[in-house]
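Good morning, everyone, and thank you for making time for this.

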Amino acid sequence: VGVMGPWSCDPILSHALPDVASRLAVARLNRHPAFNRGYWWDAMVVAESCDTPQAVTNLLNVDRYAAALIGPFNPAACGAAGLLAAAWNKPLVAWSCLGEAEGLDTLVVPMPEPVGVLHEVLRYFRWAHVAVVTSAGDAWREVGQGVAQELRARGLPVTVVTAAGTREEEAQEALRRVQRADGVRVVLMCMHSVLLGGEEQRVLLEEAEDLGMTDGTYVFVPYDALTFPLPYHRVSYPALADNTKLRLAYDAVLTVTIDSPDGNFREVLQEAKEAYEVPAHIDPMQV
């Protein structure tokens, strides 16, 4: 199984230790009586470029090494990945693919569609007008464009789609565009969560605090937390503890994430360490 992702170029995902996670997964599969009948599972980490055209090009060689694929991270590569996987008759397990990837023969979507979950939340609170602010990199821009397109297809007006980097001026300009737009209630942040070290989101929220946008006028929703279980119960995050302005701004953030009833990431990782399934020196705060 090829595990695709921007492991070598993305500043946050480079800490994800996909090789350790893959070894843990296949070790459990290989000793599970329901999954190991006649099969021996193995995994290989496939580096996905942060540049969209190169990410698509890199897919062409995966056929030689993997019987199935997990990924890609960049939704713009999903169409090409899905067509190639269908031609190779190999499963493509993709959590990041958006609506345009539907109908591909071997595509497997392993979780509720994040845009669908987001739409349900927006409908519940009767928030219609959405602005999308993305990181400056190719992959997050593609996520933002795809999410905006999917929300529009569901009848929600997405009036602003813009990018902001780590410079305060970029965040200010993006937020000014949101303020100038008519009736925006929700700002969807397509970037790495500040709780996990995302600098773009930290700068964006701090600038929003300075501009008075965190007083309840706008609701800031992190998109990335919709795609994995972000620990939230009895968990403290240094990013908030060490930054008063960010902590104030974070009152305007609504996080929607996947529940993990059998234990959060840190607890499960600690159990794996105690069972000698993963190296004991791994710090969950850095993964």
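Let me start with helix H5, residues 138-153, which gives the most to the lining of the second largest pocket, with 3 residues. Please keep in mind throughout that this is a predicted model. That second largest pocket holds about 210 Å³ of space, and of the 16 residues that line the pocket, the closest to its centre are Asp10, Pro11, Cys50, Gly137 and Trp140. If we sort the lining of this pocket by class, we find 8 nonpolar, 4 polar and 4 charged residues.

In general, rolling a probe the size of a water molecule over the atoms shows where empty space is left. Here the count comes to 1 cavity of 30 Å³ or more, and the volume of the largest cavity is about 40 Å³. The residues that line the largest cavity are Met4, Val46, Ala47, Glu48, Ala55, Asn58, Leu59 and Val62. Strand E2 (44-47) and helix H2 (52-58) each supply at least two residues of that lining, and by class the lining of the largest cavity has 6 nonpolar, 1 polar and 1 charged residues.

Next come the aromatic side chains, where the structure holds 4 aromatic pairs. Take Tyr39 and Trp41, whose ring centres are 6.5 Å apart and whose planes stand at 40 degrees, so this pair is tilted. Tyr39 is exposed, with a relative accessible area of 59%, while Trp41 counts as partly exposed at 28% relative accessibility. Now consider Phe125 and Trp127: is that pair stacked or tilted? The ring centres of Phe125 and Trp127 are 4.6 Å apart and their planes are at 15 degrees, so the pair is stacked. Phe125 is partly exposed, with a relative accessible area of 40%, whereas Trp127, at 14%, is buried, because buried means under 20%. Ring pairs also bring in Tyr124, linking Tyr124, Phe125 and Trp127 into a cluster. A charged side chain meets a ring elsewhere in the model, where Arg266 lies over the face of Tyr237, at 5.1 Å from the ring centre.

Finally, I would like to look at the backbone. As background, most residues other than glycine have a negative phi, and most peptide bonds are trans. Which peptide bond is cis, with omega near -5 degrees? It is the bond from Gly71 to Pro72, and Pro72 is found in the loop between strand E3 (69-70) and helix H3 (78-88).

Two residues deserve a word for their phi angles. Asn89, a residue other than glycine, has a positive phi near 60 degrees; Asn89 lies in the loop between H3 and strand E4 (92-93) and is exposed, with a relative accessible area of 62%. Arg234, which is not a glycine either, has a positive phi of about 55 degrees. Arg234 lies in the loop between strand E9 (219-222) and helix H8 (238-241), and with a relative accessible area of 68% Arg234 is exposed.

Technical notes: Residues numbered from 1 in each chain as written. Predicted model: local features only at pLDDT ≥ 70, side-chain atom pairs only at ≥ 80, totals over all residues. Heavy atoms only, no water. 1 Å grid on protein atoms, 1.4 Å probe; cavity = no way out; pocket = protein on both sides within 12 Å on 5 of 7 lines; lining within 4 Å. Points joined across faces, edges and corners; volume = space filled by probe spheres on them. Helix = DSSP H or I, 4+ residues; strand = E, 2+ residues; numbered from the N terminus. Nonpolar A, V, L, I, M, F, W, Y, C, P; charged D, E, K, R; others polar. Phe/Tyr/Trp six-rings, centres within 6.5 Å; stacked < 30°, edge-to-face > 60°. Buried < 20%, exposed > 50% of the residue type's maximum accessible area, 1.4 Å probe, protein only. Lys NZ or Arg CZ within 6 Å of the ring centre and 35° of its normal.
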